[in-house]
Number of protein chains: 2
Amino acid sequence: MRATGRRASLRVMLTLALALALQATPAAAPKPSDPLPADWKPVPDDELLVMTLAGDRRVYIRLAPRYAPVHAANIRKLAAARWWDGESVYRVHDNYVVQWGDPTEKKPLPAGVIAQPPAEYDWPVYDAVTKLTRSDPYSTATGHSADGWPLATDGKVAWLPHCYAMVGVARDLAPSTGSGGDLYAVIGHGPRHLDRNIAIVGRVLEGIEHLSSLPRGTEGGLGLYKDKRQHVPIVSVRLASDLPAAERPHFQYRAADNARFAAWVKARENREPPFFNLPSGGADICNAMPPVRRTP
Amino acid sequence: MRATGRRASLRVMLTLALALALQATPAAAPKPSDPLPADWKPVPDDELLVMTLAGDRRVYIRLAPRYAPVHAANIRKLAAARWWDGESVYRVHDNYVVQWGDPTEKKPLPAGVIAQPPAEYDWPVYDAVTKLTRSDPYSTATGHSADGWPLATDGKVAWLPHCYAMVGVARDLAPSTGSGGDLYAVIGHGPRHLDRNIAIVGRVLEGIEHLSSLPRGTEGGLGLYKDKRQHVPIVSVRLASDLPAAERPHFQYRAADNARFAAWVKARENREPPFFNLPSGGADICNAMPPVRRTP
């Protein structure tokens, strides 16, 4: 009995992994939550940032110009000016963030980059097309935008929540809002207390593991690398639309404004047997992040 | 202006880090949330598990015998039998779990270890001594036990939530509950959908970075290491009480059944200026984990 049980556990881990996978392997019988081919929409080339770290480690980030237009415009200009090339990942704070940019804080910003953008922390129109069954401690409702983003609201304004792999703009004390030169990605439990206190500008679509598995920094309780030799060199950061067409990577997000996606949300809220015996009946938006994939 | 702003950002990161630190550096004026020296209680030696990985990387885990007694008893026996020595960390699944034990699934369990403990997933008495202001999608209330654990309830039963660094027992499909030989620690956003579906037996108090920064596995979408040479060898796992007294590490948890702790909870829910301009007014239990520290 025990031997059987233990021998079977790889199979179970597989079951578990499938339950957790963003897109389930197509089964024989289609499920209500299965996407149609047309549900996959292209991430625009001018929203896709490709950061290449030493060792040919690539991190693909979708920018959110709809939600943080001035910060996104800055980031596009910084990439076009190759501002990050030769800079580094200099902070890896366990269960919090990985941060990159210019650790000397002395590099001049390129012409046209706005040093202090407006506080694009929230906006007045909450237009999620799904609604999670239960709210969380940081918002009165959460859901998904039609164009592939997680959203939160307090009933008055809307914002992008600090979930795993979301990308934000490091900033100084107010009134600074951060130029976009120093960015961070969440690598732990969503620090949602940062919501509406800082600008979220994107999400890592692929390659987060190149950031999340970096050695942790130890300086000052901040996760800063003590020794500059620990810094992880950034080879380049480019907007896909600035690359030759043949070299552009392509990603898709799953459109949320349809019944299949609503069924997918329900499935995230109620994980199924045989592994799950007790469905939660609800989910945290950070555990129901919009599915994305490489364009097949 | 811009230069000043950027130059000041390390100071701001420090401010931010202090706001996030489990224990604030003692300030000139005491705060209502400051603990008294007597608020720090010892983690019992027979609840502290020391896992040493190759390279002298140590992970310290507090067991939760009050909440999962049969699983905890198994784990103590496995450690006493040196069952894990020579085994490995074989699974590192990004934004999910790190898992260790016997990847061959063939190693016999020591005498006295119960292969299939009862499903210690929840229990009928919810006795949190704090109450977070707002609930989350997975529970109707959350809070802290007097003895240093996060708790969740649905109003009927209580359980330990799947937060970052919490340790659970890998299991096969029901009726298996897992022996405790294969364990996992959460290294991403709390997968709270696992709550009440699996036994939580402890929490990593120190050294989680030795697990969370490991290279991610790629096998089968599970995070399993494809090549056995990637496995991270476990040198030893010992209960502190099985070590010679002089070699025992000592940790403390902060008692939650006092007004200072209640004030600390409020401070976690309402992060303060100068970095935070907008307090959340609530917090996820996973962002308000009970403070622990090395015994000074």
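Apart from neighbours within four places in sequence, A170(A) has contacts with Q99(A), G178(A), D182(A), L183(A) and Y184(A). The model is a predicted one. A170(A) belongs to the loop that runs between β9 (166-169) and β10 (183-186) of chain A. With a relative accessible area of 16%, A170(A) counts as buried, because the limit for a buried residue is under 20%. The C-alpha atom of A170(A) lies 7.6 Å from that of I198(A), although 28 residues separate the two along the chain.

Chain A as a whole contains five helices and 14 strands. Its radius of gyration is 20 Å, close to the 19 Å given by the globule rule for 296 residues, so chain A is as compact as a globular protein of that length. The C-alpha trace of chain A extends over about 60 × 50 × 45 Å along its principal axes. Buried residues make up 59% of the 296 residues in chain A. Among contacts in chain A with a separation of 6 or more, 72% are between residues 24 or more positions apart. The accessible surface of chain A amounts to about 11,400 Å², and carbon and sulfur atoms contribute 58% of that area.

In chain B, an open sheet is formed by three strands in the order β6-β7-β8, with antiparallel pairing. The edges are taken by β6 (141-144) and β8 (158-159) of chain B; each has a single partner strand, so one side of each is left without a neighbour in the sheet. Four bridges connect β6(B) with β7 (residues 150-153) of chain B in the antiparallel sense. One residue pair in this arrangement is H144(B) and P150(B), the latter being the bridge partner in β7(B).

Strand β4 (residues 88-92) of chain B is mostly covered, with five of its five residues buried. This strand, β4(B), runs antiparallel to β5 (residues 97-101) of chain B and is joined to that strand by four bridges. Within this pairing, V89(B) is placed opposite W100(B) of β5(B). The hairpin of β4(B) and β5(B) has four residues between the strands, and N95(B) adopts a positive phi near 55° there. Strand β4(B) also pairs with β12 (residues 232-239) of chain B, again antiparallel, through two bridges. V89(B) takes part here too, with V232(B) as its bridge partner in β12(B).

R76(B) is located in helix α3 (residues 69-80) of chain B. The relative accessibility of R76(B) is 23%, and the residue therefore counts as partly exposed. When residues up to four places away in sequence are set aside, R76(B) touches D46(B), E47(B), L63(B), P65(B) and L239(B). One of these, L239(B), falls in β12 (residues 232-239) of chain B, the strand that is joined to β4(B) by two bridges. From R76(B) to Y96(B) the C-alpha distance is 25 Å, and the two residues stand 20 residues apart in sequence.

Conventions
Residues are numbered from 1 along each chain as its sequence is written. Chains are lettered from A and ligands numbered from 1 in the order in which they are written. This is a predicted model: local features need pLDDT of at least 70, side-chain atom pairs count only at pLDDT 80 or more; totals for chains, interfaces and linings use all residues. Side-chain values use heavy atoms; hydrogens and water are left out. Two strands pair if DSSP finds at least two bridges between them. The radius of gyration is taken over C-alpha atoms; the globule rule is 2.2 Å times the number of residues to the power 0.38. Buried means under 20% relative accessible area, exposed over 50%, partly exposed in between (1.4 Å probe, protein chains only). Contact means heavy atoms within 4.5 Å. Accessible areas come from the Shrake-Rupley method with a 1.4 Å probe; for residues, only the protein chains shown count as cover.
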